[in-house]
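Student: I've got a model open here and I'd like to work through it with you. Can we take it step by step?

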Amino acid sequence: MGRLRRTVSLSPLVGCVLLAVLVSACSQTAAQQEDASGGRGGGGRGGRGRFGGRGGTQPVVVAAVTQKDVPVEIAAVGNVEASTLIAVRSQVTGVLEQVGFQEGDFVKKGAVLFSIDRRPLQAALEQAQANLVRDQSLVSQAEAQLQRDAANAEYQMVSAERQAALVAKGIVAKDTGDQTRAQADATALAVKADKAAVESARAQLKVQQAAVDAAQLQLGYAVIRSPIDGRTGDLTVKGGNLVSANNTQLMTIAQVEPIFVTFSVPAVNLATIKSAASSGKKLKVMATPQDGDPQSV
């Protein structure tokens with residue numbers, strides 16, 4: 001047992017000695033290499049640390065280990081699309097007089113974009129208004145004629161009844177009574193014709209009123225306003241050119257608030273996305289422009 005104890009107690013000592021020899025050898029080898037490199041460097045520029053950095057050993061920061069959820073980020077390349085894109089065209093034919101914006105400007109809804117020569121449209125409106133006044137006069141004349149003939153028909157009817165009573169008593173000849181009755185019937189027919197004339201005049205008045213409304217609407221088209229808030233595109237027609245109704249595209253407006261971002265994700269991430277969506281969590285999308293900061297959409 002005594003020998004066994006000695007053997008066991010010597011083993012660590014031998015190991016320490018061997019380790020010391022190895023460390024010493026490594027230290028000597030490192031020192032020899034450093035001296036050799038220093039000799040080759042011709043004096044050197046300052047000593048390097050044992051780990052090859054300038055300034056000696058590097059600091060080590062110790063932090064506590066914690067557990068928390070980290071987001072799963074899926075990178076994808078997408079496209080940014082305007083929520084609304086409108087092609088602006090003229091609804092009337094005329095000379096483009098004024099452009100109220102610069103290409104690429106942001107415009108508000110109702111802002112004046114273009115002004116078209118309104119003089120021909122103004123003349124057409126005034127002509128329609130004059131025809132409307134004429135038709136109103138015709139209606140008034142037809143109504144007056146109806147009232148006159150209606151009063152005359154009423155008088156003729158009373159006269160015919162009176163003559164019929166006299167004929168029955170033998171005071172007036174039957175021919176005279178028949179003549180009076182015929183006049184009353186003719187006047188009644190004239191009243192019916194007058195009523196038809198009044199209805200025709202009123203219908204023509206409605207037609208002319210519609211013509212005035214249409215002329216006013218066309219005149220309003222001489223000023224083109226922005227239908228939405230958005231960014232203007234390229235101007236295809238410059239001021240002074242003739243534009244055709246519903247034919248010439250003047251420019252486009254893109255609504256960028258809100259804006260759509262379309263992208264595709266790999267199929268392997270579909271299960272993860274469905275699981276997060278089904279759990280009621282809101283999936284956050286960060287759009288990063290090529291030359292800008294990330295923006296949440």
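Student: How many residues line the largest pocket?
Tutor: Keep in mind that we're looking at a predicted model. In the largest pocket, Ile 74, Phe 263, Lys 284, Val 285 and Met 286 are the lining residues nearest the centre. They belong to a lining of 35 residues.

Student: Which element gives the largest share of that lining?
Tutor: Strand E1 (78–89), strand E8 (249–263), helix H4 (270–278) and strand E9 (286–287) each put in at least two residues. The largest share is five residues, and it comes from E8.

Student: Which residue in E8 is the bridge partner of Thr 84?
Tutor: Start with the sheet: it is open, with four antiparallel strands in the order E1-E8-E6-E3. Its edge strands, E1 and E3 (106–107), each pair on one side only. E1 and E8 are joined by 11 bridges. In E8, the partner of Thr 84 is Gln 255.

Student: Is Leu 242 buried or exposed?
Tutor: Leu 242 sits in strand E7 (residues 242–243). Beyond its neighbours within four places in sequence, Leu 242 has contacts with Thr 93, Gly 94 and Val 95. Its relative accessible area is 58%. The cut-off for exposed is over 50%, so Leu 242 counts as exposed.

Conventions. Residues are numbered from 1 along each chain as its sequence is written. This is a predicted model: local features need pLDDT of at least 70, side-chain atom pairs count only at pLDDT 80 or more; totals for chains, interfaces and linings use all residues. Side-chain values use heavy atoms; hydrogens and water are left out. On a 1 Å grid over the protein atoms alone, a cavity is a set of points where a 1.4 Å probe fits but cannot get out, and a pocket is an open set with protein on both sides within 12 Å along at least five of seven lines; lining residues have an atom within 4 Å of a point. Two strands pair if DSSP finds at least two bridges between them. Buried means under 20% relative accessible area, exposed over 50%, partly exposed in between (1.4 Å probe, protein chains only). Contact means heavy atoms within 4.5 Å.
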